[in-house]
Amino acid sequence: MATLSNAIKWFPEKTGFISGISIAFYGLGSFVFKYIDAAFLGNDIVNNLPRALMGWGALVTILILVGSLFLRDAPEAQVTKVSKQHQYTTAEMLRTPQAYLLFIALFTICLSVYLTGIATNLGTNLAGLSIERAATVVALIAISNTVGRFVIGTLSDRFGRKPMLMLTYSATLIAVLVLTFSSHIAVPMFYAMMMMVGFFFGGTITVFPSLVGDYFGLKNHSQNYAMIYQGFGFGSLAGAIVLSLAGGNLAVVFYTYIVLLIVSLIIWLTIKTPKYVESK
């Protein structure tokens with residue numbers, strides 16, 4: 001969070017592109033470390049686990065410490081040279097309806113985390129794939145997710161945040177509708193829909209940091225985005241919670257997601273940049 005906010009402060013004219021780089025690489029990191037940790041573990045997972053944890057911890061510590069040597073806070077003039085927006089404090093931001101609307105929209109799209117998490121089960125049930133073949137969709141989703149972060153983030157600088165968010169939420173809605181109302185789906189179509197979910201989820205979470213900066217300024221971006229970003233955590237958990245409350249009925253999760261996506265599209269159609277009103 002801190003490195004992302006600082007990065008976009010250095011490049012206030014290209015916040016979407018910079019967010020895309022930052023967010024893509026923390027997603028790519030989880031992908032790369034999967035293989036590094038597997039190498040540490042070897043074939044004897046139980047006995048090699050302490051070594052793997054120590055090796056992973058040492059490597060991460062080195063990367064963080066070396067990387068921190070190159071970090072510099074963006075100067076104040078750099079932060080505000082482009083934006084004419086009032087530099088909201090977190091308390092001021094929380095007094096605007098836009099803060100809660102952004103939270104709801106981020107919460108919604110993060111249900112994709114649950115959807116992609118059960119991709120293997122969906123592949124076997126909807127497309128008749130074997131477990132081995134269904135597992136390949138996880139890698140395809142990860143690749144699509146990473147590419148989406150670069151592409152959508154960059155395009156948001158050129159075409160605007162709201163148009164790109166309208167696109168990402170509409171495409172996700174189409175994919176979820178296809179997955180929800182198909183009792184059986186052709187394998188290429190299943191792969192396409194799951195990759196679409198991954199691509200536009202990655203793109204959406206890339207645009208949000210820039211949008212928060214556009215709406216509330218960059219000066220207090222770390223604190224402000226940290227509040228909005230809670231929608232990511234709650235949204236990631238929501239699918240499992242809804243499934244539990246629905247007694248294991250997966251269709252309820254999909255219907256809930258569809259409703260929330262429609263609500264979010266209404267948000268993007270109606271939301272406007274907040275106008276600062278000084279409190280008395």
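**Chat: patch, core and salt bridges**

Trainee: Which helix does I143 lie in?

Mentor: I143 sits in helix α9. Keep in mind as we go that this is a predicted model.

Trainee: Noted. Is I143 buried or exposed, or in between?

Mentor: In between. I143 has 48% relative accessibility, so it counts as partly exposed.

Trainee: What nonpolar surface patch is it in?

Mentor: One of about 880 Å². Besides I143, the residues making it are F17, I21, F25, L28, F31, V32, Y35, V147, F150 and V151.

Trainee: Which elements give two or more residues to that nonpolar patch?

Mentor: Those are α2, residues 15-41, and α9, residues 131-159. The largest share comes from α2, which gives 7 residues.

Trainee: While we're on α2, is A39 buried or exposed?

Mentor: A39 lies in helix α2, and its relative accessible area is 60%, so it's exposed.

Trainee: How far apart are A39 and A52?

Mentor: In sequence they're 13 residues apart, and C-alpha to C-alpha the distance is 8.3 Å.

Trainee: Switching to the inside. Which residues touch the most other members of the largest nonpolar core?

Mentor: That core has 64 residues, and the ones touching the most other members are L102, Y169, L179, F190, F208, I228 and W268. The element giving the most to this core is helix α11, residues 187-216, with 14 residues.

Trainee: Take W268. What is it in contact with, leaving aside neighbours within four places in sequence?

Mentor: W268 is in contact with L102, A105, K162, L165, M166, Y169, F208 and L211.

Trainee: Okay, charges now. How many salt bridges are there?

Mentor: The count comes to 2. The linked residues are D157, R161 and D214, which form a network.

Trainee: Why would side chains pair up like that?

Mentor: Side chains of opposite charge can pair when their charged atoms come close.

Trainee: And how far apart are the closest N and O atoms in the R161 and D157 salt bridge?

Mentor: They're 2.9 Å apart. For the salt bridge between R161 and D214, the closest N and O atoms are 2.8 Å apart. R161 lies in helix α10, residues 161-180, and D214 in helix α11, so this pair ties together parts that are 53 residues apart in sequence.

Trainee: Is R161 buried or exposed?

Mentor: R161 has a relative accessible area of 12%, so it's buried. D157 is partly exposed at 23% relative accessibility, and D214 is partly exposed too, with 32%.

Trainee: Which residue's side chain makes a polar contact of 2.9 Å with that of R161?

Mentor: That's S156. S156 lies in helix α9 and is buried, because its relative accessible area is 2%.

Trainee: What does S156 touch, not counting residues up to four places away in sequence?

Mentor: S156 touches G16, R161, M164 and V207.

Trainee: Another residue, T108. Where is it, and is it buried or exposed?

Mentor: T108 is in helix α6, residues 97-109. Its relative accessible area is 0%, so T108 is buried.

Trainee: What is T108 in contact with, leaving aside neighbours within four places in sequence?

Mentor: T108 is in contact with Y257, L260, L261 and S264. There's also a side-chain to backbone approach: a polar atom of the T108 side chain lies 2.9 Å from the backbone oxygen of I104.

Trainee: And how far is T108 from E278?

Mentor: C-alpha to C-alpha they're 31 Å apart, with a sequence separation of 170 residues.

Trainee: What about T180, which helix is that in?

Mentor: T180 is in helix α10. T180 is buried, with a relative accessible area of 18%, and not counting residues up to four places away in sequence, T180 touches F254, Y255 and I258.

Trainee: Last one: where does D73 lie?

Mentor: D73 is in the loop between α3, residues 45-68, and α4, residues 76-80. With a relative accessible area of 67%, D73 is exposed.

Trainee: What does D73 touch, not counting residues up to four places away in sequence?

Mentor: D73 touches N6 and W10. D73 and K9 are 8.5 Å apart, C-alpha to C-alpha, and 64 residues apart in sequence.

Methods:
Residues are numbered from 1 along each chain as its sequence is written. This is a predicted model: local features need pLDDT of at least 70, side-chain atom pairs count only at pLDDT 80 or more; totals for chains, interfaces and linings use all residues. Side-chain values use heavy atoms; hydrogens and water are left out. Patches are made of residues with over 30% relative accessible area and no salt bridge: like charges are joined within 9 Å, nonpolar side chains (Val, Leu, Ile, Met, Phe, Trp, Tyr) within 5 Å. Accessible areas come from the Shrake-Rupley method with a 1.4 Å probe; for residues, only the protein chains shown count as cover. A salt bridge is a side-chain nitrogen of Lys or Arg within 4 Å of a carboxyl oxygen of Asp or Glu. Helices (H or I, at least four residues) and strands (E, at least two) are DSSP runs, numbered from the N terminus. Buried means under 20% relative accessible area, exposed over 50%, partly exposed in between (1.4 Å probe, protein chains only). A nonpolar core is a set of buried Ala, Val, Leu, Ile, Met, Phe, Trp, Tyr and Cys residues joined through side-chain atoms within 4.5 Å. Contact means heavy atoms within 4.5 Å. A polar contact is a pair of N or O atoms within 3.5 Å; within protein, one must be able to donate a hydrogen and the other to accept it, and residues adjacent in sequence count only if both atoms are side-chain atoms.
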